[in-house]
Amino acid sequence: HPLATLADADKIRQDFPAYLASTAQPHIVFSGAGYTGLELAATLGAAAHRQGIHCRITMVEHGAEILPFLSSRQRHRVKNWLQRHDIQVLTNNQIIRFDGRNVDLSSGTKLTDVFLCRTAGTCAPLSLPADQAAALPDGRLLVADCLHLPDHPQVYAAGDAAAIRHRGDYLRKAVNFAIYSGARAGNNVARALRNRAALPFRPIDLGWVIPLMDDSVGTALNYLPLQGRAGLGLHYFMCGLRNFNCNNCFYFIKRACTATIRSNAR
């Protein structure tokens with residue numbers, strides 16, 4: 001089960017209960033131990049727990065360390081969370097074969113009757129010839145300050161499709177950057193139709209949170225450290241703020257307040 005689109009997520013939600021009902025010893029295996037894999041592991045583990053089922057969870061990571069962009073303190077907190085929830089992480093390893101039920105690892109380990117999820121990173125939804133557009137290895141298209149392709153000023157890219165330079169590096173993939181760059185790209189298209197000059201994109205980093213069901217790590221405004229229920233509260237609040245459905249918005253804000261109240265109570 002890959003996790004790259006909304007349809008992928010819906011398929012996991014439909015297939016996972018059937019898998020739990022079909023095996024006496026459920027075992028979820030993740031290809032990739034990044035933040036997407038961790039969030040999905042927390043979600044599926046909680047779903048099994050609500051049914052009174054203990055689910056073995058193994059995360060297979062090609063790199064030597066998980067989440068290398070975290071501080072040592074944040075990574076230590078995540079590892080404590082993994083240990084607390086009995087989630088095994090196999091670093092310097094990768095899946096070399098999957099027959100639909102069983103997994104073979106490069107280390108020689110064989111895992112049987114598993115529910116496999118591929119969360120090893122995103123890939124480009126489109127592929128352009130190298131002579132038409134330059135891109136990073138992950139497929140993100142290189143763009144100018146105004147978010148158009150350098151050699152094709154009539155073509156714009158934004159969000160996870162764009163490699164946006166900021167302070168000497170490329171912006172990470174994030175919801176806020178996708179929202180704001182998408183708005184700027186759309187605005188620049190409208191300006192081009194009116195024969196007006198395009199405007200540069202100046203990103204503002206509001207921070208990030210990795211939600212882990214009953215814990216979290218992150219930063220606010222790319223400076224203030226966040227963790228625990230406070231981080232969860234901010235994450236759910238932003239989910240509500242960014243949601244275009246009123247019912248969903250109120251649901252997430254309620255979750256945010258609940259998480260914050262519990263944090264203060266502790």
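This is a predicted model: local features need pLDDT of at least 70, side-chain atom pairs count only at pLDDT 80 or more; totals for chains, interfaces and linings use all residues.
View 1. A salt bridge here is a side-chain nitrogen of Lys or Arg within 4 Å of a carboxyl oxygen of Asp or Glu. Helices (H or I, at least four residues) and strands (E, at least two) are DSSP runs, numbered from the N terminus. Arg172 counts as partly exposed because its relative accessibility is 32%. Buried means under 20% relative accessible area, exposed over 50%, and partly exposed in between (1.4 Å probe, protein chains only). The structure holds nine salt bridges.

**View 2. Asp215 forms a salt bridge with Arg84.** The closest N and O atoms are 3.6 Å apart. This pair also links distant parts of the chain: Asp215 is in the loop between S14 and S15, Arg84 is in helix H3, and 131 residues separate them. Asp215 has 5% relative accessibility, so this residue counts as buried. Arg84 is partly exposed, with a relative accessible area of 49%. Salt bridges that share partners join Arg77, Arg84 and Asp215 into one network.

**View 3. The side chain of Asp215 also reaches the backbone nitrogen of Gly228.** The distance is 3.2 Å. Contact means heavy atoms within 4.5 Å. Neighbours within four places in sequence are left aside; Asp215 is then in contact with Arg77, Trp81, Arg84, Ile210, Gln227, Gly228 and Leu232.

**View 4. S14 and S15 form a hairpin with four residues between them.** Strand S14 spans 207-211 and strand S15 spans 216-220. Five bridges join the two strands, which run antiparallel. Two strands pair if DSSP finds at least two bridges between them. Trp208 has Thr219 in S15 as its bridge partner. In the turn, Met213 has a positive phi of about 65°. S14 is mostly covered, with five of its five residues buried. Gly207, Val209 and Pro211 point one way from S14. Trp208 and Ile210 point the other way.

**View 5. Strands S2 and S3 run parallel.** Four bridges join S2 (residues 56-60) to S3 (residues 87-90). Thr58 has Gln88 in S3 as its bridge partner. From S2 the chain crosses through helix H3 (residues 72-84) to S3, and this β-α-β crossover is right-handed. Right-handed means that, with the strands pointing away from the viewer, the path from the first strand over the helix to the second runs clockwise.

**View 6. Glu61 is buried yet has no salt bridge.** Glu61 lies in the loop between S2 and H3. The nearest side chain of opposite charge, Arg75, is 11 Å away. Lys and Arg count as positive and Asp and Glu as negative; His and the chain ends are not counted. Again leaving aside neighbours within four places in sequence, Glu61 is in contact with Gly32, Ala33, Gly34, Ile66, Leu90, Thr91, Asn92 and Asn93.

**View 7. Three strands form an open sheet in the order S4-S5-S6.** The pairing is antiparallel. The edge strands are S4 (95-98) and S6 (110-111), and each pairs on one side only. S5 (residues 103-105) and S6 pair over two bridges. Asp104 has Lys110 in S6 as its bridge partner.

View 8. Asp15 counts as partly exposed at 23% relative accessibility. Lys11 is partly exposed too, with a relative accessible area of 46%.

Methods
Residues are numbered from 1 along each chain as its sequence is written. Side-chain values use heavy atoms; hydrogens and water are left out. A polar contact is a pair of N or O atoms within 3.5 Å; within protein, one must be able to donate a hydrogen and the other to accept it, and residues adjacent in sequence count only if both atoms are side-chain atoms.
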